[in-house]
Structures are given as structure tokens and as C-alpha cells.
Amino acid sequence: MGPVARKPLMVGNWKMHGTYFEAMQWVQALSYQLDLADYDRVDVGVAPSFTSLRSVQTVVQMDDLPIHIVAQNVHWAKEGAHTGEVSARMLAKLAVSHVIVGHSERRRHFGEDDRMVNRKARAALSDGIVPIVAVGETLEEREAGDAEETVGRQVSGALARIPSDQVARLVVAYEPVWAIGTGRHARPSVAQEMISHLRNRIRSRHGEAADQVRIIYGGSINPGNVAALMAKRDIDGGLIGGASLDPGTLAACVKYWT
Ligand code: PEP
């Protein structure tokens, strides 16, 4: 059997930007710049804030856009006394197909640890939502020579107790913390090396699922560096923060693949 073809995935993470109205305009503007050939070649997603999900869903469904709706977070419980939280079932009803879990901003500012990330990933899967498991080392960890160990531990923790057939469907986002929002992207060879390491680590536990899992890169991607990063063998797409706030810039990154 030849190598498994993984369809690339490019997701714009809008973080805490944009009102519901702006999010509707952004997704519409993005769609004007993409055509069917783009969607055939690459899966495209946008991750608006919770308050914009319903409006973005309306645009996507009314205009029949093949754009994935991605949530930025989810709680692991089915329901209950969790003021301020949102469940996977609530997201699934809004046609959310993917959810980011373990973003470094949540790990750093909201104390999310590997166990919580794992619970979130499993909750998402149980409601049919694909987790995008974000992992990445800090600058201190890289300088101490601990990057592979840190990121490997994060991936193993996030995937604990998830069966291999489900691991095959999910997405891992390697996002070095020092590259997020800094304008300083990882060198393509550095990103490739880490992503290949992660794939091998997943292979040691889940076998062939490692050839199907999509591992994307995130951290200061822009139209000027996207080609060099995406050209690497193991990099299956990108998670794009700052540059995704301009629909034209996000479209330019997507179009690397076509
Ligand atoms: C992110 O927040 O996931 C991200 C990659 O941000 P930026 O592209 O701005 O570095």
C-alpha cells in the first residue's frame, strides 16, 4: 500500500475578535475568495467566538458553503452546574464539526492541563465533533532541550483512552508557544521534525492510525511563510490566528494548496 493521502486542513482561529455581525461578514468575504477547486483540495474552517457560532452557521447553511465551523473550546460534561461553559452537544446542534482543545492560551491563562484536554477531546468525540488537540512547548522548554518530551507528553495525555479508530480521525495542532502571535514562526525544518516525532509517537501506541491523523502547524503563519511550512512532508495544514482576521489573507494561505 502506498502512503496515505491526508487532506490538508486550514483553520482560522478568530480568538476573542469580532462581533457576530463581523464574523458573518468575514465568513462571507472568505467564501467570495474561495471556489470549489479550493474546497476539493483543502478542508477550510473558521473558529469564531461562541457568540458568533449561530450567525456563522446561518451564513454557511444559507449559502451552502463547504466551510467547517470550529469552536474554540468545550466543556467535558454533558450538562450540569458549570456556569459559563458550553457542552459538546450544544456545539453539535450548531453544526460545529471541530473544536480546538488545549490551546496554549487556555493552558496558560485558564489552567488547562493534559487531563482536562483529554476529557474535552473525549467529550467532543462522543458528540461527533473532531477535536483539534493543540500542543506546544514554551521557549524555556525548547532552550532546555525539553521540547520533544513536553509535546510528546501533551499528545499522549490528550489521546489517553481514545481508541485508535477515533485517533485516526482527529487533528493535532503543533503550536510552539513562542511562535503564537509573535510574528516569529518556527523554521519549517523545526516544525517538520517535531511533527514527524509526534506522528511516530502516535504510531507506537495506535499503529496505522498515525498515518491518517492530520497534524497541522500553528504559529505566526502568513501568506509569506505558508508555502515553506506547508511544503514539509508531515505538515497537513495550518491553524492561523492573527492573519485569519483578514479574510483575504486567510484565503491567500488556503490557496497555497491550489
Ligand atoms: C493560534 O492562536 O492558534 C495562532 C497560531 O495564532 P497566530 O497565527 O497569531 O500565531
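Reader: Okay, what volume does the second largest pocket have?
Author: About 210 Å³. Keep in mind that this is a predicted model.

Reader: And which residues are closest to its centre?
Author: The second largest pocket is lined by 19 residues, and Lys-15, Gly-181, Ser-220, Gly-241 and Gly-242 are the closest to its centre.

Reader: Which residues come nearest to the ligand?
Author: There are 14 residues around the ligand, and the nearest are Lys-15, Glu-175, Gly-181, Ser-220 and Gly-241. By class, that shell has four nonpolar, eight polar and two charged residues.

Reader: How far is Lys-15 from the ligand, going by a polar side-chain atom?
Author: That atom of Lys-15 is 2.6 Å from an oxygen atom of the ligand. For Glu-175, an N or O atom in the side chain also lies 2.6 Å from a ligand oxygen.

Reader: What about Gly-181, is the polar atom there backbone or side-chain?
Author: Backbone: a polar backbone atom of Gly-181 is 2.7 Å from an oxygen atom of the ligand.

Reader: So how much of the ligand does the protein bury?
Author: 96% of the 290 Å² that the ligand exposes when taken alone.

Reader: Switching topic: what's the volume of the largest pocket?
Author: About 410 Å³. Its lining has 15 residues, with Lys-15, Met-16, Gln-72, Asn-73 and Arg-106 nearest the centre.

Reader: Which helix gives the most to that lining?
Author: Helix 5, residues 104-110, which puts three residues into the lining of the largest pocket.

Reader: And the classes there?
Author: The largest pocket's lining divides into five nonpolar, six polar and four charged residues.

Note on methods. Residues numbered from 1 in each chain as written. Predicted model: local features only at pLDDT ≥ 70, side-chain atom pairs only at ≥ 80, totals over all residues. Heavy atoms only, no water. Near = heavy atom within 4 Å. Polar contact = N/O pair within 3.5 Å; in protein donor to acceptor, adjacent residues only side chain to side chain. Areas by Shrake-Rupley, 256 points an atom, 1.4 Å probe, with all protein chains shown as cover. Nonpolar A, V, L, I, M, F, W, Y, C, P; charged D, E, K, R; others polar. 1 Å grid on protein atoms, 1.4 Å probe; cavity = no way out; pocket = protein on both sides within 12 Å on 5 of 7 lines; lining within 4 Å. Points joined across faces, edges and corners; volume = space filled by probe spheres on them. Helix = DSSP H or I, 4+ residues; strand = E, 2+ residues; numbered from the N terminus.
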